[in-house]
Amino acid sequence: QKPILLQGHERSITQIKYNREGDLLFTVAKDPIVNVWYSVNGERLGTYNGHTGAVWCVDADWDTRHVLTGSADNSCRLWDCETGKQLALVKTSSAVRTCGFDFGGNIIMFSTDKQMGYQCFVSFFDLRDPSQIENNEPYMKIPCSDSKITSAVWGPLGEFIIAGHENGELNQFSAKSGEQLSNIKEHTKQINDIQTSRDMTMFITASKDNTAKLFDCTSLEHLKTFRTERPVNSAALSPIFDHVVLGGVQEAMDVTTTSTRIGKFEARFFHLAFEEEFGRVKGHFGPINSVAFHPDGKSYSSGGEDGYVRIHYFDPQYFEFEFEA
């Protein structure tokens, strides 16, 4: 089936994110524009304007009232989803790399880069206390001196966050006390992306060490490994099937082949239990930087270095194949 092509960015995509219902798709890129689209037909609903640098991360809260973005312009911003109005601006000392709302949408967290002599920090703000944002005083700030955080997500019920680091480590930080609850190192290189399963019991990591790995959210137990021959930029778990989609970079040996062969940059599908690859989807003209499953599991989206976002709806055979299997 022909994918829906979203053309709203001038630079390469950094993250794409569905809201909880899946009717909206938020996209950010290395340009200052934050776009929101109707996922059903690819129509652009609007933009959130205000950033002055590359936008690294985006998140929407549980009931899609607010949108959170973090940018290389040293700011994290809160927006009204419906009107596009900027509600809050938190200035930081360095670029904001990851951001997210907790389960209830009341607490936001974001991490800043280790750059220009500044340390990497994770900051937590409670939106129910406006003075925290006004005075730029988070109720908690966790320093990460060893290795900067490259990806982070909230754990179940907003009790802790799971952070992936540049050196391949995974940490759990308590959202109440800030203490490190656990620490493991299953990856040998930088973790590029972390995404949780629909029920928040598991999460998948994508790493520069050519693997994506599945973990238990609470215990951080390593469950599965999905191996490729190239770095993995993003990985997502299907909400209805035991399927994983990975997006990454092509092999160096393929770079010299002619550009007439469209789509050397493929999204790759693996079986969650058997760790085997069973499908590839071509289309992008550059590495895939972010992938996401629609919450109903009937489609997925990918955002690439080429600045395009592609929404792919699965064929009916995809569902028949799974139920027969």
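I take a polar contact to be a pair of N or O atoms within 3.5 Å, where within protein one must be able to donate a hydrogen and the other to accept it, and residues adjacent in sequence count only if both atoms are side-chain atoms. This is a predicted model, in which local features need pLDDT of at least 70 and side-chain atom pairs count only at pLDDT 80 or more, while totals for chains, interfaces and linings use all residues. Residues are numbered from 1 along each chain as its sequence is written, and side-chain values use heavy atoms, with hydrogens and water left out.

**Entry 1, Gln190.** I looked up the side chain of Gln190 and found that it makes a polar contact with the side chain of Asn192, at 3.1 Å. Gln190 lies in the loop between strand E17 (180–184) and strand E18 (191–196), with strands (E, at least two residues) and helices (H or I, at least four) taken as DSSP runs numbered from the N terminus. I count Gln190 as buried because its relative accessibility is 18%; buried means under 20% relative accessible area, exposed over 50%, and partly exposed in between, with a 1.4 Å probe and protein chains only. Leaving aside residues up to four places away in sequence, Gln190 touches Thr150, His165, Glu166, Gly168, Ala206, Ser207 and Lys208, a contact being heavy atoms within 4.5 Å.

A nonpolar core here is a set of buried Ala, Val, Leu, Ile, Met, Phe, Trp, Tyr and Cys residues joined through side-chain atoms within 4.5 Å. The largest has 15 residues, of which Met109, Val122, Phe124, Ile149, Trp154, Ile161 and Phe173 touch the most other members. At least two residues of this core come from each of strands E11 (107–112), E12 (120–126), E13 (140–144), E14 (149–154) and E15 (160–165). I then noted a second, separate core of 13 residues, which includes Cys57, Leu78, Ala88 and Phe110. Returning to Phe124, I listed its contacts beyond four places in sequence, among them Ile107, Met109, Pro138, Met140, Trp154, Ile161 and Ala175.

With a disulfide defined as a pair of cysteine sulfur atoms within 2.5 Å, I count 0 disulfides. Cys144 is in none, and the nearest cysteine sulfur, that of Cys120, is 4.4 Å away. Cys144 counts as buried because its relative accessibility is 5%. The sulfur of Cys217 is too far for a bond, because the closest cysteine sulfur, in Cys99, is 18 Å away; Cys217 is also buried, with a relative accessible area of 0%.

Asn136, in the loop between helix H1 (130–134) and E13, has a phi near 50°, a positive value in a residue other than glycine. Asn136 counts as partly exposed, because its relative accessibility is 33%. Leu157 also is not a glycine and has a positive phi of about 60°; this residue lies in the loop between E14 and E15 and counts as exposed at 59% relative accessibility.

In the model, residues 6–47 are 0% helix and 52% strand, with end C-alpha atoms 13 Å apart, and residues 184–225 are 0% helix and 55% strand, with end C-alpha atoms 15 Å apart. The mean pLDDT (the predictor's confidence in each residue, from 0 to 100) is 92, and 93% of residues reach 70 or more. Confidence is lowest in helix H2 (residues 316–324), at a mean of 72, and highest in strand E3 (residues 24–29), at 98.
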